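Welcome! Take a look at the chain below, and then we will walk through some of its features together.

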Amino acid sequence: MHARRGRFGAGTTGVAAAAALVMLLPFGGGDRGGDRGGGHGHGNDRARNVIFIQGDGLGLSHRELVRLATVGKDGQLAMNTLEHAGWTTTDSADPEEAVTDSAAGATAFASGVRTYNGAVGVDADGNPVPTLLEAARGLGKATGLVTTAQVTDATPAAFGAHVPDRGDQSEIARQFLESSRPDVILGGGEDWWFPAGEPGAWEDNPAKDPTEESKGTAGNLVERAQDLGYTYVSDADGLADARGRKLLGLFANEEMFEQRNEGEGDLYEPEVPLVDMTAKALDVLSRDRDGFFLLVEEEAVDEFAHRSNATRTIQAGQALDETVALALDFAKRNRGTLVLVVGDHATGGLAIENVDPEDEGGEGATTEDGPFDLAGSDLQFTVDWTTGGHTGEATPITAQGPGAERLAGAQRNTDVHDAVLRAMQGRGRG
Ligand SMILES: [Zn+2]
């Protein structure tokens with residue numbers, strides 16, 4: 001789409017010179033003081049960096065569940081400390097379903113259009129629509145996708161690909177490499193990068209989930225990535241040691257966790273924790289003198305809520321919050337960084353309830369749903385669910401940094417795209 005704007009001279013000398021230049025330049029653009037009504041002069045509202053953090057399925061009740069279990073009534077999660085807060089509708093434009101899926105939800109955030117469920121980066125008529133990641137790239141910024149889902153799953157896909165069907169994950173991977181070209185791609189989903197019969201670094205049919213096996217439909221895309229200059233890694237040590245400006249890490253066959261039927265023992269033990277993937281991505285992307293756009297997604301909130309597992313939903317929410325804290329710390333040290341935390345929809349109809357033995361029928365009575373200790377108190381609570389699917393309410397958004405004030409209040413999910421785009425472009429408020 002866009003030709004990459006020439007940024008640095010070729011070769012290591014240019015890169016080293018650019019790195020030195022970054023050290024000397026003042027951090028350009030945004031100014032958190034501007035959010036508080038300070039000077040809105042030229043450039044003050046520009047978001048040099050954007051860290052777009054999504055909890056998939058992260059509704060208000062999910063955030064509150066994590067808060068009560070982690071820090072209790074008097075505590076606050078990192079994700080709730082951002083300066084601006086509001087809520088976004090979650091509607092899609094599906095002809096058959098009232099409630100969105102993650103593909104339409106992510107397309108609303110990434111491209112500012114409502115589309116049908118299952119659509120990735122295309123509008124309701126199937127036409128490709130430009131994304132925030134592509135816009136960032138057009139502005140010369142580095143870009144990255146980090147998720148505990150498959151890197152080609154609906155949310156990251158909607159920022160870096162355009163396909164009518166979210167299931168076409170090898171085509172999504174191919175488009176990452178040959179079209180949108182994120183500099184950093186970290187997550188799961190290795191099975192979509194290797195054709196059948198080529199297991200890759202993660203073995204086919206493992207004991208943890210015998211259904212997992214390579215099923216790529218676009219050849220060996222890891223080799224293709226390496227040909228295009230990506231450093232490829234498949235485990236935590238490899239990621240820690242990786243050098244270079246383009247990085248592909250595939251840390252699981254599918255999701256970086258295992259979801260099973262209720263009571264059958266979901267697992268949340270990612271090969272690389274979300275916070276560590278995010279730290280590496282920030283390390284690589286922040287070398288770009290034009291700034292960066294980074295999408296970070298914790299997928300497990302949604303998946304464990306689908307399986308009515310409050311224990312694991314809490315765990316995934318804690319992993320997300322740790323990552324938000326890291327992003328806020330980065331923003332403190334790097335002015336001009338817009339951080340936002342969103343949910344594309346809520347999942348499960350999660351309710352936080354008093355412990356009441358009379359209330360629970362047989363099906364709901366697993367230890368996965370409590371009782372949980374309410375942190376910092378002698379109280380306990382349980383969790384109940386109304387559905388194994390998504391729900392249609394609005395979800396909370398918190399934001400801080402240049403342009404964050406536009407993300408406060410009641411808004412549509414598509415408005416998030418517009419606000420972030422304006423923030424990157426440095427266009428004035430209003
Ligand atoms: Zn879901």
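Strand 11 and strand 12 (residues 380–384) run antiparallel and are joined by two bridges. Strands here are DSSP runs (E) of at least two residues and helices are runs (H or I) of at least four, numbered from the N terminus. This is a predicted model: local features need pLDDT of at least 70, side-chain atom pairs count only at pLDDT 80 or more, and totals for chains, interfaces and linings use all residues. Residues are numbered from 1 along each chain as its sequence is written.

**The sheet**
- F372 has F381 in strand 12 as its bridge partner.
- Three strands form an open sheet in the order 10-12-11, with antiparallel pairing; two strands pair if DSSP finds at least two bridges between them.
- Strand 10 (351–354) and strand 11 (372–373) are the edge strands, each pairing on one side only.

**The core**
- The largest nonpolar core has 107 residues, and V50, V120, L294 and L340 touch the most other members.
- Helix 12 (residues 310–333) gives the most to this core, with nine residues.
- Such a core is a set of buried Ala, Val, Leu, Ile, Met, Phe, Trp, Tyr and Cys residues joined through C-beta atoms within 7 Å.
- A residue is buried if 20 or more other C-beta atoms lie within 10 Å of its own, exposed if 12 or fewer, and partly exposed in between, with C-beta atoms placed from the backbone.

**The whole chain**
- The chain has 13 helices and 15 strands.
- Of its 430 residues, 53% are buried.
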